[in-house]
Amino acid sequence: MLAQWFAAKADHPDALLFFRMGDFYELFFEDAEKGAPALDIALTTRGEHDGRPIPMCGVPAHSHEAYLARLIRRGFRVAIVEQTMDPAEAKKRGLRGPLPRAVVRLVTPGTVTEETLLEGARPNWIAASTGTALAWLDISTGAFGVRPAGGAALAAALAAREPAELLLPEDRLADPVFAEWRARAVVLPAARFRPEAGRRVLEAAYGVATLDAFGPFSEPELAAAGALLDYVRATQAGRLPRLEPLAREAEAATMAIDAATRRSLELDRTGPDTLLGAVDRTVTAAGARMLAARIAAPSTIAATIAARLDAAGFFLAEPGLRDAVRARLKGAPDIARALARIALGRGAPRDLAAIRDGLAAARAAQGVLAAATLPRPPLIASAEAALDPAPALAERLERALVDRPPARAGDPGAIAAGFDAALDAARALRDDSRRVVAAMEAEARTATGVPNLKIRHTAQLGYFIEVPEAAGLRLRDAPPDTLPGFTHRQTMAGTMRFVTDALAALDRRIVEAGAEAEAREAAILADLTDAVRAEEGAIAAAAEALAILDVAAATAVLAEAEAWTRPEIEESAAFAIEDGRHPVVEAAVRREGGAYVANGVDLSPGGRLWLVTGPNMAGKSTFLRQAAILAILAQAGLFVPARRARIGIVDRLFSRVGASDDLARGRSTFMVEMVETASILNQATARSLVILDEIGRGTATWDGLALAWAVLEALHDRLRCRALFATHFHELTALGPRLPELRLAHLRVKEWKGEVVFLHAVAEGAADRSYGLHVAKLAGMPREVIARAATVLTALEERARGLAPLAEEMPLFARTAVARAEAPDELRRILAEIDPDALSPRDALDLVARLKSLL
């Protein structure tokens with residue numbers, strides 16, 4: 001047995017071995033020493049190896065998934081080692097010693113399929129990158145995609161998927177773009193990322209001679225997708241999951257949102273105080289995943305966005321129909337993930353029941369949609385058409401399965417009575433043993449004259465007769481012809497045990513009937529599984545259709561309940577919001593009994609850059625984030641919390657709001673701010689949306705002001721993007737008259753009896769002061785500190801009044817202005833030395849040539 005363990009460990013040195021022994025999975029040696037504390041179980045020893053006790057710990061096989069989940073969530077990889085030969089087969093072959101064992105599956109964070117290891121509302125991506133392309137796969141649903149991506153685009157694409165595992169060639173691990181993902185990285189030899197090998201892997205996986213029908217793929221895309229499939233197949237002991245057709249995502253098909261912006265906006269982390277938590281009204285796990293995917297990667301294709309909005313609008317206009325559809329969908333099983341487990345050979349009877357119940361929900365939803373009075377938009381029409389796949393299979397599953405089949409494969413009782421006559425007969429014999437035994441017991445009492453005779457059963461003896469010792473002695477000594485077939489087997493304390501030919505025959509029939517019932521049920525389940533696999537494409541289409549309906553109906557429910565409006569999506573540079581609200585903050589304010597103050601913003605051409613001033617706690621950061629979140633919601637295909645929203649497609653979204661550091665990489669808060677701001681200035685385009693808050697606050701005042709000044713000018717003159725720029729540097733407001741596209745805005749504040757009231761309303765113009773001392777007072781700063789700060793502030797303001805206005809000291813486009821100033825000064829000097837009346841025609845020509853050379 002230890003030889004088998006060492007052989008498996010040599011093949012998987014970086015994984016913990018779950019080594020099956022009877023009813024337990026055991027961990028040995030260093031695996032046990034790592035696993036025991038992670039699983040909170042006792043570490044023991046067993047036997048010796050090289051003169052030392054062998055550390056070990058174990059978990060019950062019937063409940064191993066819960067322990068497996070703990071290990072996977074802690075970042076471990078686990079290799080499952082099982083017996084690869086049935087004991088009966090080994091006995092038939094005359095094999096001795098431990099049964100053969102091998103790794104049947106490698107469980108990693110990106111390749112799990114069990115319900116207990118997955119979040120129902122989130123995809124579980126595993127990805128692979130060559131550095132210039134990215135491929136991603138969710139083996140729990142079969143979703144499979146690839147796209148060209150390098151540099152910033154690659155960082156944004158990774159942030160959108162947030163893969164549980166990232167496969168990288170060994171020569172790419174040090175690339176800065178993968179810095180945030182190194183803890184999840186699986187490093188593979190560079191030879192595993194060969195384009196031709198990738199093409200062959202993909203063609204074999206889809207059973208085609210060429211990939212032309214799937215579209216054109218670049219060599220890096222083929223390399224990434226092929227390496228990903230090859231790795232997944234290795235973890236599944238040679239099997240591949242069910243795969244959707246490989247979809248190639250265009251580089252600009254989704255809004256690019258980097259990891260820092262996602263953290264800043266709190267888009268899709270779990271919990272109520274996130275964007276996803278605030279807008280999710282779905283009733284199915286598949287719908288929740290689809291909504292999460294749309295928010296993680298909003299579309300930049302106007303037709304796609306319009307189709308999603310049309311689908312939501314259909315349900316908004318048909319509230320009764322919508323509620324009826326949602327009632328049919330509520331509680332529907334996760335068909336896609338059940339189908340994936342079946343395709344991988346890990347399906348249980350309960351997964352077949354999930355297919356059955358999911359198809360029933362789909363048919364019910366289709367029946368409701370048939371009563372629609374309004375024309376169906378394209379997304380609804382295509383979904384409706386996919387809702388009744390394989391009706392014969394659905395009917396067969398309905399008849400074959402009990403209401404709640406067992407959760408584990410191999411457990412009996414999955415097939416309903418009346419479905420199969422042979423199974424029913426075998427079950428009758430197996431299950432009627434009690435009645436048969438009772439009759440035989442009555443007959444034996446009469447034949448022996450022993451009224452307290454009992455027929456009992458043990459695994460060693462099978463069925464036997466047990467009588468008191470005195471009666472047993474009489475039966476043992478009776479002539480053979482008086483009790484034919486009676487044989488004495490055991491004498492116990494006060495009792496004696498006998499077996500008979502009839503009991504032995506009964507035992508054989510019952511054991512055989514149980515085995516026959518078990519084999520027959522397994523055969524039926526195998527037939528049903530094969531039938532599901534034959535229809536997996538249509539079933540998967542139905543699963544996606546249910547998710548589409550769920551998201552569309554949920555969008556309509558949210559829009560109706562919260563009075564959200566359909567955004568107007570354009571290809572222009574418009575960005576005009578009337579009475580917009582931040583959905584997460586509004587929900588929090590409502591919970592506290594308050595009312596959210598709506599604000600508008602217009603970043604359309606002519607005023608595409610806003611400089612926002614105002615005190616802390618007045619709502620600047622919320623106002624900034626609100627604009628970004630409305631753009632995300634709109635391009636995800638959702639209605640938005642505003643009276644009106646007119647939004648030109650945003651290709652990239654950048655947010656630098658809030659303070660954070662990166663201690664692990666030795667970066668201060670200011671350094672992180674500068675890195676993120678540099679990323680924005682290097683990547684934003686004229687179609688981007690940028691929100692910046694308090695740039696330059698982490699360094700000396702004049703340094704910070706200079707940086708903020710230069711960044712503001714770059715946004716206006718070079719990037720020419722739509723942007724909101726919040727600041728406490730009031731000197732920047734002097735740029736208002738000098739930058740044509742710059743608009744000044746502030747958060748209103750009201751002073752009342754020495755106190756400050758934050759109105760959270762946006763108004764035109766600059767704020768007159770920062771009210772920092774008032775905020776400090778609200779924070780509980782000691783009174784004497786506030787008083788001293790007021791004195792110092794007065795002195796500093798008096799000194800500042802004697803300084804020239806900063807805007808006059810820092811001319812716009814300073815470098816250009818200096819360069820232009822040098823030439824006119826030289827010209828003036830030369831011209832000043834010339835006497836025009838004394839110039840000859842030849843001198844005049846020479847002068848023109850000289851002046852020309854100065855240019």
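Guide: What follows sets computed values against cut-offs, and the model is a predicted one.

Visitor: Why is D40 called exposed?

Guide: The relative accessibility of D40 is 69%. Exposed means over 50%, so D40 counts as exposed. D40 is placed in the loop between helix 2 (29-39) and strand 3 (44-49), and D40 has a positive phi of about 60° although it is not a glycine.

Visitor: What makes E266 partly exposed?

Guide: E266 has 46% relative accessibility. The loop between helix 8 (259-265) and helix 9 (275-279) holds E266. E266, a residue other than glycine, also has a positive phi, near 50°.

Visitor: How do you know that D273 and R591 form a salt bridge?

Guide: The closest N and O atoms of D273 and R591 are 3.1 Å apart. The limit is within 4 Å, so the pair counts as a salt bridge. Because D273 lies in the loop between helix 8 and helix 9 and R591 in helix 22 (residues 583-591), the bridge ties together parts that are 318 residues apart in sequence. D273 is partly exposed at 42% relative accessibility, while R591 is exposed at 55%.

Visitor: How many salt bridges does this rule give?

Guide: The count comes to 46 salt bridges. There is also a network of them that links E562, R581, E586 and R590.

Visitor: Why is E466 called buried?

Guide: The relative accessibility of E466 is 13%. Buried means under 20%, so E466 counts as buried.

Visitor: Which residues form salt bridges with E466?

Guide: One is R456, with the closest N and O atoms 2.9 Å apart. E466 is in strand 15 (residues 462-468) and R456 in strand 14 (residues 454-458), ten residues apart. R456 has a relative accessible area of 39% and is therefore partly exposed. Another is R497, whose side chain meets that of E466 at 3.1 Å, N to O. R497 lies in strand 17 (residues 495-499) and E466 in strand 15, so this pair ties together parts that are 31 residues apart in sequence. With a relative accessible area of 16%, R497 is buried.

Visitor: What makes the aromatic pair of F18 and Y25 stacked?

Guide: By the ring rule the count comes to nine aromatic pairs. In the pair of F18 and Y25 the rings are 5.6 Å apart, centre to centre, with 25° between the planes. Centres within 6.5 Å make a pair, and planes under 30 degrees apart count as stacked. F18 is buried, with a relative accessible area of 0%, and Y25 is buried at 4% relative accessibility.

Visitor: Why is the pair of F19 and F28 called edge-to-face?

Guide: The centres of F19 and F28 are 6.1 Å apart and the planes make an angle of 75°. Over 60 degrees counts as edge-to-face, so the F19 and F28 pair takes that name. F19 is buried at a relative accessible area of 0%, and F28 is buried at 3%. Elsewhere, ring pairs link W5, F6 and F29 into a cluster.

Visitor: How do you know that the charged end of R161 sits over the ring of W136?

Guide: The charged end of R161 is 3.9 Å from the centre of the W136 ring. The distance limit is within 6 Å, and the charge must also lie within 35 degrees of the ring normal. The charged end of R161 is listed as sitting over that ring. R20 has its charged end over the ring of Y25, 5.2 Å from the centre.

Visitor: Which residues touch the most other members of the largest nonpolar core?

Guide: V279, F315, I355 and L724 do, in a core of 110 residues. Helix 21 (residues 536-562) gives the most to this core, with 14 residues. Leaving aside neighbours within four places in sequence, L724 is in contact with residues including V601, W610, F623 and I691. A second, separate core has 28 residues, among them A135, V146, L243 and L246.

Note on methods: Residues are numbered from 1 along each chain as its sequence is written. This is a predicted model: local features need pLDDT of at least 70, side-chain atom pairs count only at pLDDT 80 or more; totals for chains, interfaces and linings use all residues. Side-chain values use heavy atoms; hydrogens and water are left out. Helices (H or I, at least four residues) and strands (E, at least two) are DSSP runs, numbered from the N terminus. Buried means under 20% relative accessible area, exposed over 50%, partly exposed in between (1.4 Å probe, protein chains only). Rings of Phe, Tyr and Trp (its six-membered ring) pair if their centres lie within 6.5 Å; planes under 30 degrees apart count as stacked, over 60 as edge-to-face and the rest as tilted. A nonpolar core is a set of buried Ala, Val, Leu, Ile, Met, Phe, Trp, Tyr and Cys residues joined through side-chain atoms within 4.5 Å. Contact means heavy atoms within 4.5 Å.
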